[in-house]
Amino acid sequence: MATKSRSTSSEQAQPGTVDMDKITSLAKRRGFVFQSSEIYGGLASTWDYGPLGVLMKNNIKAAWWRAMVQDRDDIVGMDAAILMHPDVWKASGHLEVFHDPLVECLNCQHRFRFDHLLVGQVVGDGPKFVAAIAGGSEDEVRKLVQAKAKKAGSNIGNVEIGPARVDESLDAHIHGHGSIGPLSAVPCPACDTVGSLTKPRMFNLMFKTFMGPVEDSAATVYLRPETAQGIFVNFENVQTTTRKKLPFGVAQIGKSFRNEITTGNFVFRSREFEVMEMEFFVKPGADDEWYRHWVQARLDWWTGLGIRPESLRVREHGKDEMSHYSKGTSDIEFKYAWDWGELEGIANRGNYDLTQHGEHSGKALKYFDDEIQESFVPYVVEPAAGVDRGFLAFLTDAYREEMAPTGDSGQAKEELRVVLRLHPAIAPIKVAVLPLSKKEPLAERAKEVAATLRKHWMVQYDDAQSIGRRYRRQDEIGTPLAVTIDFQSLEDQQVTIRDRDSMQQVRLPIEDLVPAVRDRLGL
C-alpha cells in the first residue's frame, strides 16, 4: 500500500491533549459511533458503529488484512466460530485462571477491578488526604487528592500515588513508592466512603450461556474471550490443507467477549469488542528473533497509516504482569486523551497452547520437519490488536482544530475549522462531490461524476448549504478530496479538486479525474 505523506498544519494537537468530550461529540454528531439501545436509555459500554464508523472500521480491518495476508506468502487467514467446545477453555486455562480481582463498595454497591484502582495521598506533616480512582490516570487521582486537601483548608504537599496489588492470600494493599496502606484505608472511588470496599474476590471474565433447550451444566458453553484458541485448535487443519512450512502464520479478525468489571473511556474498554489477531508459528529457538521482528513490524504498521510516532510507545511487560506461559510480552501503547493505553500486544507464547490442546484432546498438534525428519511442537508469536482501540486511536490522533480562511477563499478573515487528518486508507469517505448548485443540468452532470468515482471509492454527494459549509463538513469527517462542479464545468468539461490538508485547489479535465484522484490518494 502506498503511503504518501500528507501536508500538515503548524497548529497540531499534541498527543494526548485532545479533549475526550470533543471526540465523543464528533463521533455521535457525524455518525461514527452511537450508544447502543439509546432510545431505551442505552446499555452501558456497548456501542453501535454508524454509517461513517462502519466504513472506517472496515478500512482498518482491510488495511490489517492486506498487510498480514495479502501482501505476504507466509500467512493465511481463517474465521473460527465464536462458540467452541467447553473443553477448549479448560485446556487453554481460561476456566481456571482467566479471572480479575473484584471489589465491591458496601455503601453504594459499585464494583471495581481492584488492580485498576489508583490511590493517592498527601505526603508530609498534617492530615493525610486520600482519594482513589478506578481505571483513571495519575493526573486525575492527584487532582482529587489536592482538591480534598484544599477543601479542608490544608496545605497541599507532595502527592504519592500507587496502584493496588493483591498477594496470593488475596490480602490487598496499595503500593506507592512507600506504602499507602491497606484496603481498609482506601475511599470508594464512587461514593468516597472509607472502609467500605470488600476484600477482593476473583471473578471469571467469560460470558456463559447454554446450547440447546436445557439450561444445565452439560449444556454450558462460553462466548470466546479471544480469537486465538480457534486458530490453535485448527493448527493441523490449516497446516495440512495449505502445506505451509515453518515459519508461517494464521490471521483472524473477529468478535470477542469479556465480562469486564470496569469498562469505560468510550470504545476503549467494553464487553464486546473486535480483535485482529495473528499466530505466527516458528521453530523452537527462532521465537525470540521473530518476537522482536513483530514488535517492530506492528509499530511500523501504525505509523505507516498516519499515527504520529510521538503518539506511540513500546512497553515491555515485567515478569510480574506477564501470563504464566509467556516468554515475553510487549504492548504498543497509544497516548489517548486520558493517558497511555494498550493498543496492541505482541506476545511470545512459547509452545504452551499447542501443547495444552494436544494433551487435553489426545491429538498431538505437532509439525513434521522434512529436513531433520523430526516432529515437534512449534512455538508461536502473537500480535493482537483491538479494532475498536485502533479506531479510537486513529480518530484521536487525526483530530485537529486550526484556523483557516473563511470558505477557503484566501480572505484575511479566518475561522476555526475542525479536521480529521486521517490517512486516505483509513478515511471512511475518499471523495466528496459538491455541485455549486442543485439546478439542472449542473446537478445531473455532478451526479454523473459521482457515479464514475463511486466505481472506485466511497463517495459522498452533498449539495446542501454553501460550499464553505460543505468543505467544513467533509474536513470534519476526514474526507481527503473534494470535487467541485460549477457552471463552467458544463462548458469546459473540467472540475476542481480540493485537498483536505492543504486546502489547495486544482482544476483539471473530467476525463483525467479518476487517475488524478488515484494518484492523490496513493491507494
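Rings of Phe, Tyr and Trp (its six-membered ring) pair if their centres lie within 6.5 Å; planes under 30 degrees apart count as stacked, over 60 as edge-to-face and the rest as tilted. With that in hand, here is one aromatic cluster to look for: Phe232, Phe235, Phe248 and Phe281. Welcome to this predicted model, in which local features need pLDDT of at least 70 and side-chain atom pairs count only at pLDDT 80 or more, while totals for chains, interfaces and linings use all residues. Residues are numbered from 1 along each chain as its sequence is written, and side-chain values use heavy atoms, with hydrogens and water left out.

**The overall picture**

- The protein chain has 14 helices and 28 strands; helices (H or I, at least four residues) and strands (E, at least two) are DSSP runs, numbered from the N terminus.
- Along its principal axes, the C-alpha trace of the protein chain spans about 80 × 75 × 50 Å.
- Of the 523 residues in the protein chain, 50% are buried; buried means under 20% relative accessible area, exposed over 50%, and partly exposed in between (1.4 Å probe, protein chains only).
- Contact means heavy atoms within 4.5 Å. Among contacts in the protein chain between residues at least 6 apart in sequence, 64% join residues at least 24 apart.

- Helix H2 covers residues 51-70, and its 20 residues should span 28 Å at 1.5 Å a residue. The expected span is 1.5 Å times one less than the number of residues. The end C-alpha atoms of H2 are 26 Å apart, which agrees.
- Buried residues of H2 include Leu52, Trp64, Met68 and Val69.
- Two packed helices are described by the angle between their axes and the distance between the axes.
- H2 packs against helix H10 (residues 387-398) at an angle of about 110 degrees, with the axes 10 Å apart. Here axes are lines fitted to C-alpha atoms, for helices over the stretch in contact, and angles run from 0 to 180 degrees between N-to-C directions.
- That angle makes H2 roughly perpendicular to H10; angles under 35 degrees count as roughly parallel, over 145 as roughly antiparallel, 65 to 115 as roughly perpendicular and the rest as oblique.
- On the H2 side the contact is made by Gly53, Met56, Lys57, Ile60 and Lys61, and on the H10 side by Val387, Asp388, Gly390, Phe391, Phe394 and Leu395.
- The residues of this contact between H2 and H10 divide into six nonpolar, two polar and three charged. Ala, Val, Leu, Ile, Met, Phe, Trp, Tyr, Cys and Pro count as nonpolar, Asp, Glu, Lys and Arg as charged, and the others, Gly among them, as polar.

**Aromatic pairs**

- A search of the whole structure finds 17 aromatic pairs.
- In one of them, the rings of phenylalanine 280 and tryptophan 290 have centres 4.6 Å apart and planes at 50 degrees, so this pair is tilted.
- Phenylalanine 280 belongs to strand S15 (residues 272-282) and tryptophan 290 to helix H8 (residues 287-304), so the pair ties together parts that are ten residues apart in sequence.
- Phenylalanine 280 counts as buried, at 0% relative accessibility.
- The rings of tyrosine 336 and tryptophan 338 have centres 4.8 Å apart and planes at 5 degrees, so that pair is stacked. Tyrosine 336 and tryptophan 338 are both buried.

**Helix H12**

- Nine of the eleven residues of H12 are buried, so this helix is largely enclosed by the rest of the structure.
- Glutamine 474 is found in H12 (residues 467-477) and is buried, with a relative accessible area of 2%.
- Not counting residues up to four places away in sequence, glutamine 474 touches Ala432, Gln460, Asp462 and Thr479.
- Glycine 478 follows H12 and has a positive phi, near 85 degrees.

- The peptide bond from leucine 246 to proline 247 is cis, with omega near -5 degrees. Proline 247 sits in the loop between helix H7 (235-242) and strand S14 (248-257).
- Arginine 243 is in the loop between H7 and S14 too, and its phi is positive, near 60 degrees, in a residue other than glycine. Arginine 243 is exposed, with a relative accessible area of 66%.
- Another cis peptide bond runs from glutamate 440 to proline 441, with omega near 5 degrees.
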